[in-house]
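Trainee: Could we go through this model together? I would like to begin with the ligand and then turn to the helices.

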Amino acid sequence: MILILLGAPGAGKGTQAERIKAHFDMQHLSTGDLLRAAVKEGSELGKLAKDYMDGGKLVPDDVILGIINDYMKANEGAGILFDGFPRTVAQAEGLDGFLKDAEVKVVSLEIEDEVVINRLSSRRSCRACGRVYNPALGIKPAGDACECGGEIYQRDDDRSETIANRLNIFHTQTEPIIEFYGARKVLYKVNGNGAPDEIFKRVKETLV
Ligand code: AP5
């Protein structure tokens, strides 16, 4: 099965993806994590992606579809959980071309913009292992550093003006995908409010 997690920035895609991949034993691809790793390495992909990401804009579709094509070839036949992909109708159409007969389900985490703004402005991450903390939720490391020893930082795209850009792009470029998959009757809308485990329970109920 191919499972697509849709949702605004900060809707909780990464948080739910951790639970889904463990519970359903799936491969997990977060295009955001992959691009951040490329930026950290300073690879050609990272150099290209950095300005788009820092400005809260989408990386061009052809670049993303190239990454997905490689990933699909390397993971042929596997159950895959996509987190942060597709993000435009062009990406959704491109994915169709890679899928053959795989069953697709799409979970859309539904959440209001004000909740997203609160979550993202209080998010902190570990520069070394990527672990996410949120002091506003009481999710914080024991000391100043991550438990792995890495530095805790705020993502460049979690500054308030960039959050506004990301939300705007979500509403204009990503939301049309909800209609795209809705018309195919493979879309499940899940309330993204509440505690992460409560939301995961709702996600599981849609997937049985
Ligand atoms: P990406 O990394 O995918 O960012 P995003 O979609 O903006 O998602 P986030 O990671 O911010 O949020 P999330 O929904 O995963 O929520 P999370 O669980 O982390 O992409 C970054 C950039 O890369 C894009 O802007 C773009 O430039 C580029 N990019 C990536 N994919 C692309 C593509 N396909 N095409 C083009 N460009 C692409 O949670 C957020 C916070 O909320 C955390 O602090 C968490 O602790 C907290 N939280 C989570 N759940 C809850 C809850 N239930 N209650 C309270 N707090 C919660």
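Trainee: Which of the 34 residues around the ligand come nearest?
Mentor: This is a predicted model. In it, Thr15, Lys57, Arg87, Arg123 and Arg166 come nearest among the 34 residues around the ligand.

Trainee: What is the distance from the side chain of Arg166 to an oxygen atom of the ligand?
Mentor: An N or O atom in the Arg166 side chain is 2.6 Å from a ligand oxygen atom. For the side chain of Arg36, the corresponding distance to an oxygen atom of the ligand is 2.8 Å. Thr31 has a polar side-chain atom 2.7 Å from a nitrogen atom of the ligand.

Trainee: And how much of the ligand does the protein bury?
Mentor: The protein buries 95% of the 1,000 Å² that the ligand exposes when taken alone.

Trainee: How do the residues of the shell divide into nonpolar, polar and charged?
Mentor: The shell around the ligand holds 15 nonpolar, 10 polar and 9 charged residues.

Trainee: Which helix gives the most to that shell?
Mentor: That is α2, with 4 residues. At least two shell residues come from each of α1 (13-24), α2 (31-41), α6 (113-121) and α9 (196-207).

Trainee: Changing topic to packing: at what angle do the axes of α6 and α7 cross?
Mentor: They cross at roughly 140 degrees, and the axes of α6 and helix α7 (residues 160-174) come within 11 Å. The pair is therefore classed as oblique.

Trainee: Is the crossing left-handed or right-handed?
Mentor: α6 passes α7 in a right-handed crossing.

Key:
Residues numbered from 1 in each chain as written. Predicted model: local features only at pLDDT ≥ 70, side-chain atom pairs only at ≥ 80, totals over all residues. Heavy atoms only, no water. Near = heavy atom within 4 Å. Polar contact = N/O pair within 3.5 Å; in protein donor to acceptor, adjacent residues only side chain to side chain. Areas by Shrake-Rupley, 256 points an atom, 1.4 Å probe, with all protein chains shown as cover. Nonpolar A, V, L, I, M, F, W, Y, C, P; charged D, E, K, R; others polar. Axes fitted to C-alpha atoms, helices over the stretch in contact; angles between N-to-C directions. Parallel < 35°, antiparallel > 145°, perpendicular 65-115°, else oblique. Left-handed = near helix turned anticlockwise from the far one by under 90°.
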